[in-house]
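Here is a friendly walk through one structure, with the sequence and the coordinates side by side. Take a moment to turn the model around before reading on.

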Amino acid sequence: MGIPANTVPPQRCIAETLTLAGQHAEARPVQQAGDLGGYEGFVIGSAAYSMHRRKDATAFVMSTRDLLAHRPVWLFSTGPLGTDAKGVSLRTTAEPKEIRGFRTAIHPRDHHVFFGALDPGRLTFAEKTLRKLPAARAMMPERDFRDWTDIEDWARSIAEELTQQDARRAEEEP
Ligand SMILES: Cc1cc2nc3c(=O)[nH]c(=O)nc-3n(C[C@H](O)[C@H](O)[C@H](O)COP(=O)(O)O)c2cc1C
């Protein structure tokens, strides 16, 4: 089935939902994050592959952990290829291995796992070969399981927290 070329990726959906809810946000690749001092908070996402987040996303968190530990941070991982019926356990077991260490290093406010999508056009030769095995095909269906309501709801809950934080700050100001 594949992923339609015009689909907005989860990170853009999150940035747009935050902005619509009054919290200006931009979705950027970690390599283009620029000067981090100007950000009030961070939402950092990565796809999961073989139970790990992408190396560049992990390197970003670890190299900026001193700053991130003092800012509100929300983490999300995309990955599990499954259905709603199996959803709860799939999402729990899909937590990438790095998240435990991130909890200690930067104290994120939340880590949320979103269902993923398998785009056959982006598989490596080795992955395509592996998927010739029926068991591997069953584990990696070529489908888009992304749940946009879940993604938007999560982004709205972040916007709410930030709005409450802004209100508290405004009250405290003399
Ligand atoms: C070889 C391979 C390994 C994968 N391993 C995992 C995994 O360990 N956990 C998981 O939740 N999803 C896993 N996935 C699913 C991907 O994370 C999912 O397809 C995701 O939506 C990819 O996002 P991207 O297109 O932004 O890279 C795997 C997919 C492939 C092709």
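## Helix H1 and its surroundings

Let us begin with helix H1, residues 10-20, where the buried residues are Pro 10, Gln 11, Ile 14, Ala 15, Thr 17 and Leu 18. Viewed down the axis of H1, these buried residues fall within an arc of 165°, so they line one face of the helix. Keep in mind that this is a predicted model.

What covers that face? The cover over the buried residues of H1 includes strand E1 (42-49), strand E3 (73-78), strand E4 (110-114) and helix H8 (148-172). Just after H1 comes Gly 22, which takes a positive phi of about 95°.

## The sheet

As a reminder, strands of a sheet pair through backbone hydrogen bonds, in either the parallel or the antiparallel sense. Both kinds involve E1 here: E1 pairs with E3 in the parallel sense over six bridges, and with strand E2 (residues 52-53) in the antiparallel sense over two bridges. On the E3 side, Phe 42 stands opposite Val 73, and Gly 45 has Phe 76 as its bridge partner. On the E2 side, the bridge partner of Tyr 49 is His 52.

E1 and E2 together form a hairpin with two residues between them, and Ser 50 in the turn has a positive phi of about 50°. Is E1 largely enclosed or open? Six of its eight residues are buried, so E1 is largely enclosed by the rest of the structure.

## Around the ligand

Which element gives the most to the shell around the ligand? That is E1, with three residues. There are 17 residues around the ligand, and those that come nearest are Ala 47, Ala 48, Gly 79, Ala 94 and Gly 116. Sorted by class, the shell holds 11 nonpolar, four polar and two charged residues.

## The two sides of helix H2

Helix H2 spans residues 55-63, and Ala 57, Phe 60 and Val 61 are buried in it. These three cover an arc of only 95° around the axis, which puts them on the same side of H2. What do they pack against? The buried residues of H2 pack against E1, E2, helix H3 (65-68) and H5.

## A loop residue: Lys 132

Our last stop is Lys 132, in the loop between helix H6 (125-130) and helix H7 (134-139). Is Lys 132 buried or exposed? Lys 132 has 8 C-beta neighbours inside 10 Å, and a residue with 12 or fewer is classed as exposed, so Lys 132 counts as exposed.

How far is Lys 132 from Ala 47? Their C-alpha atoms are separated by 23 Å, and the two residues lie 85 residues apart along the chain. Ala 47, for its part, is among the residues that come nearest to the ligand.

Definitions and conventions
Residues numbered from 1 in each chain as written. Predicted model: local features only at pLDDT ≥ 70, side-chain atom pairs only at ≥ 80, totals over all residues. Buried ≥ 20, exposed ≤ 12 C-beta atoms within 10 Å, placed from the backbone. Helix = DSSP H or I, 4+ residues; strand = E, 2+ residues; numbered from the N terminus. Arc of directions from axis to C-beta. Contact = placed C-beta atoms within 7 Å. Pairing = 2+ DSSP bridges. Near = placed C-beta within 6 Å. Nonpolar A, V, L, I, M, F, W, Y, C, P; charged D, E, K, R; others polar.
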